[in-house]
Amino acid sequence: MRRLEVVIAAGDGEICRTLTEAVSRMPEMSVAFCTGSESCAIEYMQMHRTDILFLEMDLAEGNGMSLLEQLECTVQPRPLMIVMMESGQTAVLEYLHSHGIDYICQKGKNDDSPQRLIDIAYRLYPYSCFSMISDSGYTYHKLTGGQADVVTRDYIEQVTLSGRTGAGKSTIFKLLLGLY
């Protein structure tokens, strides 16, 4: 199977360094590009396939929200997106949830170690891409809004979880993916 191509967009050089080091220890992944610039990240992802994006909302040039908006319009298939943000930013958190971000790490609230983020990406990746054909011949579709569509060459199965806020939909997904 081919290596997963990772892009890191972070304003904090320490985050770039530690994530790059952690990814380099994973034989299944490689860091294709690391930048603190919104425009450079978008330009790279438009020209190169990106499987996983680690995004810190506070970039050195530009901002994470703008990058996400541009990404929705210009990059297909959309990469798995793991966003790192400061805790306590309720409006940003709601924005991220509404845009179907795959995993949100609130600094200081979650275990935000680079290895933990990479483990999460590795577990979520097969279930996160729009119509991505893997080397095994399976096709996967995006998990969004409490719905999970998984399509294989042999059958179609759809699972829908619905419920009010706080009912535990996300907890069920995390349990199924082994994140708890």
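Two strands are taken to pair if DSSP finds at least two bridges between them. Helices (H or I, at least four residues) and strands (E, at least two) are DSSP runs, numbered from the N terminus. The structure described here is a predicted model, in which local features need pLDDT of at least 70 and side-chain atom pairs count only at pLDDT 80 or more, while totals for chains, interfaces and linings use all residues. Residues are numbered from 1 along each chain as its sequence is written, and side-chain values use heavy atoms, with hydrogens and water left out.

The secondary structure comprises six helices and nine strands. Of the 180 residues of the chain, 42% count as buried (buried, under 20% relative accessible area; exposed, over 50%; partly exposed, in between; 1.4 Å probe, protein chains only). Among contacts (heavy atoms within 4.5 Å) with a separation of 6 or more, 55% involve residues 24 or more positions apart. The mean pLDDT, the predictor's confidence in each residue from 0 to 100, is 76 for the chain, and 73% of the residues reach 70 or more. Over residues 129–157 the pLDDT is below 50; this stretch has 62 contacts in the model beyond near neighbours in sequence.

Strand β1 (residues 4–9) pairs with β2 in the parallel sense over six bridges, and leucine 4 stands opposite methionine 29 in β2. The chain passes from β1 to β2 through helix α1 (residues 13–24) in a right-handed β-α-β crossover; right-handed denotes that, with the strands pointing away from the viewer, the path from the first strand over the helix to the second runs clockwise.

Strands β3 (residues 52–56) and β4 run parallel and are joined by five bridges, with methionine 81 in β4 as the bridge partner of leucine 53. Together with helix α3 (residues 64–74), β3 and β4 make a right-handed β-α-β unit. A further right-handed crossover leads from β4 through helix α4 (residues 90–98) to β5. Five bridges join the parallel strands β4 and β5, and glutamate 86 has lysine 107 in β5 as its bridge partner. Strand β4 (residues 80–86) is mostly covered, six of its seven residues being buried.

Glutamine 106, in strand β5 (residues 103–107), is buried, with a relative accessible area of 12%. Apart from neighbours within four places in sequence, glutamine 106 is in contact with Met85, Ser87, Gly88 and Leu93. Leucine 117, in helix α5 (residues 114–124), is likewise buried, at 1%. Beyond neighbours within four places in sequence, the contacts of leucine 117 are Phe54, Ile82, Met84, Tyr103, Cys105 and Asp112. Leucine 117 lies 9.7 Å from isoleucine 104, C-alpha to C-alpha, at a sequence separation of 13 residues.

The structure holds one aromatic pair (rings of Phe, Tyr and Trp, the last by its six-membered ring, with centres within 6.5 Å; planes under 30 degrees apart count as stacked, over 60 as edge-to-face and the rest as tilted). The rings of phenylalanine 33 and tyrosine 44 have their centres 4.6 Å apart and their planes at 0°, so the pair is stacked. This pair links phenylalanine 33 in strand β2 with tyrosine 44 in helix α2, 11 residues apart. Phenylalanine 33 is partly exposed at 24% relative accessibility, whereas tyrosine 44 is buried at 13%.

In the loop between β2 (29–35) and α2 (38–47) lies serine 37, which is buried, with a relative accessible area of 4%.
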